[in-house]
Amino acid sequence: MALTVTVSQLNMYVKSVLTSDPNLKGVTVRGEISNYTRNARSGHAYFTLKDSSAAVKCVMFSSACSKVCIREKKYYLFILKIDVTGSVALYERDGAYQLYAEKMTPVGIGAAYLAFLQLKEKLEKTGLFAPEYKKPLPRFPRTIGLITSKTGAAVKDFLSISKARFPSAEIIVYPATVQGDRCRDSVIGGIGYFEHRGVDVICIARGGGSYEDLACFNDEALAYAIFQAKTPVVSAIGHEIDFTVPDFVADVRASTPSNAAELICPSS
């Protein structure tokens, strides 16, 4: 007759099996970091380590975080390929196994960031970033085309600051998808819409996020859409430390959506 156990008993047993395996103690796993967060109260770090076909949840307790030699900036972490050393165990409450990290060592550039560098180099060689192609922003824009998500801080910040500085300007919001697989086509559609409509300036805006969240903007077709636009384009994607391909090909790069509103709208 098969043994019947509770969920708690099952998880406890699986945890004991994992923690007693010597191969899962002091193991070093190589991959790229995703979804990194640091709990403000506990100081613990939570992230996913992934490769091209699999992922594992990881936790690094505050005591270990304080010893990590890597600068704790999300952007820096996301561009790297990293060796994470620790032990594997089960988190009993959720029944999920995790790698409890004790050490992080950078070993190279991550695949996503390497692809960004390669695309940036390719477009730079074709002249898309050349200063002689940069169009000046209108001094007093009558109509501003804003390509951004219809929800979130970016649209609120841009509208608040631009209306306070230059209330006579008409701001037309094109609700775009600014994350994931649909981002490129959505933003390109916004550029085409405003080109046809005939606004004075176009702004592509997105609030902060992880390097992964912003990586959808690193696209060759989007770069050419910005470059070929007859209307001046301002790139305002992420925070000041974030850089994407549109930042280099646009006529003006703003450090944040709020900064974009300041650059586009004169103070009346």
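Is Asp247 buried or exposed? Asp247 is buried, because its relative accessible area is 7% and buried means under 20%, exposed over 50%, and partly exposed in between (1.4 Å probe, protein chains only). The model is predicted, so local features need pLDDT of at least 70 and side-chain atom pairs count only at pLDDT 80 or more, while totals for chains, interfaces and linings use all residues. Residues are numbered from 1 along each chain as its sequence is written, and side-chain values use heavy atoms, with hydrogens and water left out.

Asp247 sits in helix 9, residues 245–249; helices are DSSP runs of H or I with at least four residues, numbered from the N terminus. The side chain of Asp247 reaches the backbone nitrogen of Thr244 at 2.8 Å. Not counting residues up to four places away in sequence, Asp247 touches Ser235, Asp242 and Arg253, where contact means heavy atoms within 4.5 Å.

With neighbours within four places in sequence set aside, Asn218 is in contact with Phe116, Leu119, Tyr211, Thr244 and Val245. Asn218 lies in the loop between helix 7 (211–214) and helix 8 (220–228). This residue, Asn218, is buried too, because its relative accessible area is 16%.

Leu10 belongs to helix 1, residues 7–20. Leu10 counts as partly exposed because its relative accessibility is 45%. Together with Leu3, Val5, Tyr13, Val14 and Val17, Leu10 makes a nonpolar surface patch of about 590 Å². Patches are made of residues with over 30% relative accessible area and no salt bridge, with nonpolar side chains (Val, Leu, Ile, Met, Phe, Trp, Tyr) joined within 5 Å and like charges within 9 Å. A salt bridge is a side-chain nitrogen of Lys or Arg within 4 Å of a carboxyl oxygen of Asp or Glu. Accessible areas come from the Shrake-Rupley method with a 1.4 Å probe, and for residues only the protein chains shown count as cover.

Note on methods:
Helices (H or I, at least four residues) and strands (E, at least two) are DSSP runs, numbered from the N terminus. A polar contact is a pair of N or O atoms within 3.5 Å; within protein, one must be able to donate a hydrogen and the other to accept it, and residues adjacent in sequence count only if both atoms are side-chain atoms.
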